[in-house]
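Please show me the structure, and then go through some of its features with me in questions and answers.

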Amino acid sequence: MAPRPHETLLYGLGGKPGRGREGTGPRAFRRGRALRHAGRVFAAEALKQHRRIFGGKLVVFSMLIWPLMQLAATYYTVRPLAATPGIAGRWPLAADPERLLAFLATGALGFTFFFSLVQSAWHFSFERVTGTLELLFLSPANRLAIVVANGFGALVQNAWLFTCFTVAMFTVLDVARVAHPGMYAVVLLAVLVPAVAWGALLNSLLIFSRDSAFLYTLLDDPMWFAAGVRLPLFALPGWIRAAGSLLPLTGSLAVVRGALLDGQTLGQLTPALLWVAALSAACLLGAVAALRLGEARAQRTGRLRLF
């Protein structure tokens with residue numbers, strides 16, 4: 001039976017292997033070959049994600065209808081706060097229906113980005129049962145490239161439709177207050193980079209977890225609550241704000257809302273961006289550590305179980 005396209009890319013079936021003997025040429029040549037290998041792995045895993053996710057038309061429900069229902073439910077739950085005396089002084093956005101909707105929409109978009117990666121990691125853990133993970137670890141495929149590609153593929157395919165809706169909504173309502181057009185690129189990177197790093201960490205952890213459902217549940221409602229997705233952070237107790245500050249989603253939303261709704265400049269957002277960059281680096285380092293520890297234990301015990 002002929003190998004499928006993503007298997008050919010990932011495992012090197014039907015063609016040149018994904019990684020052969022180390023070359024004796026210049027270091028730049030070997031580095032370029034390693035990058036090409038990582039690119040093949042990335043493309044293969046993204047192709048696998050596309051084939052797995054887009055299995056039918058019902059996927060549109062999870063990409064757009066479900067986030068819209070959650071956004072509408074949140075908006076009409078919070079909207080009555082506008083009648084509270086003194087609310088404009090404490091939370092000015094709540095007194096303006098359009099800006100309140102924009103605040104909640106950015107939260108829903110950020111949560112869609114990050115929670116789609118939680119779902120992706122949870123499904124990735126199912127490959128322990130099918131035996132795909134064993135093939136991955138027997139192949140010469142770069143481990144970090146696999147988990148990063150898995151998260152990136154799921155992110156792009158799960159979040160693009162709701163992203164388009166959010167952009168259209170901001171355009172119609174005309175609520176964006178951007179200091180400079182270049183801030184749109186800052187907003188995109190502030191969501192995309194930490195989300196991919198977050199997905200890599202979760203994939204690395206759930207590969208070796210015996211109870212992936214527990215982590216999936218832990219990162220559902222607690223994540224949106226502590227990260228300020230539907231409520232401003234100042235409304236939360238101090239210990240919850242401290243815990244939420246360790247989530248990349250919290251920093252991403254601070255940058256997105258500061259740039260789009262408050263008109264903050266790059267200089268004003270620099271502390272938040274540095275914190276988001278530090279959390280992203282920590283997630284990637286954690287992913288590398290989890291992969292190395294998990295694979296070393298698997299080689300000793302013959303089981304893909306780290307915790």
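The model is predicted, so local features need pLDDT of at least 70 and side-chain atom pairs count only at pLDDT 80 or more, while totals for chains, interfaces and linings use all residues. Residues are numbered from 1 along each chain as its sequence is written, and side-chain values use heavy atoms, with hydrogens and water left out.

Q: How many aromatic pairs are there?
A: Rings of Phe, Tyr and Trp (its six-membered ring) pair if their centres lie within 6.5 Å. Planes under 30 degrees apart count as stacked, over 60 as edge-to-face and the rest as tilted. By this rule the count is five.

Q: Why is the pair of Tyr-75 and Tyr-76 edge-to-face?
A: The ring centres of Tyr-75 and Tyr-76 are 5.1 Å apart. The pair is edge-to-face because the planes stand at 80 degrees.

Q: Is Tyr-76 buried or exposed?
A: Buried means under 20% relative accessible area, exposed over 50%, and partly exposed in between (1.4 Å probe, protein chains only). Tyr-75, at 12%, counts as buried. With a relative accessible area of 61%, Tyr-76 is exposed.

Q: How many residues apart are Phe-111 and Phe-115 in helix H5?
A: Phe-111 and Phe-115 form a stacked pair, 5.3 Å centre to centre with 5 degrees between the planes. Helices (H or I, at least four residues) are DSSP runs, numbered from the N terminus. Within H5 (residues 97-125) the two Phe residues are separated by about one helical turn, being apart by four residues.

Q: Which residue has Arg-257 over its face?
A: A charge sits over a ring if NZ of Lys or CZ of Arg is within 6 Å of the ring centre and within 35 degrees of the ring normal. Arg-230 has its charged end over the ring of Trp-224, 4.0 Å from the centre. Arg-257 is 3.7 Å from the ring centre of Phe-103.

Q: Why is helix H13 largely enclosed by the rest of the structure?
A: Helix H13 covers residues 248-260. Its buried residues include Thr-250 and Arg-257. H13 is largely enclosed because, of its 13 residues, the number buried is twelve.

Q: Which residue's backbone oxygen does the side chain of Thr-250 reach?
A: Thr-250 lies in helix H13 and is buried, with a relative accessible area of 8%. At 2.5 Å, its side chain reaches the backbone oxygen of Gly-244.

Notes. Expected span 1.5 Å × (residues − 1). Polar contact = N/O pair within 3.5 Å; in protein donor to acceptor, adjacent residues only side chain to side chain.
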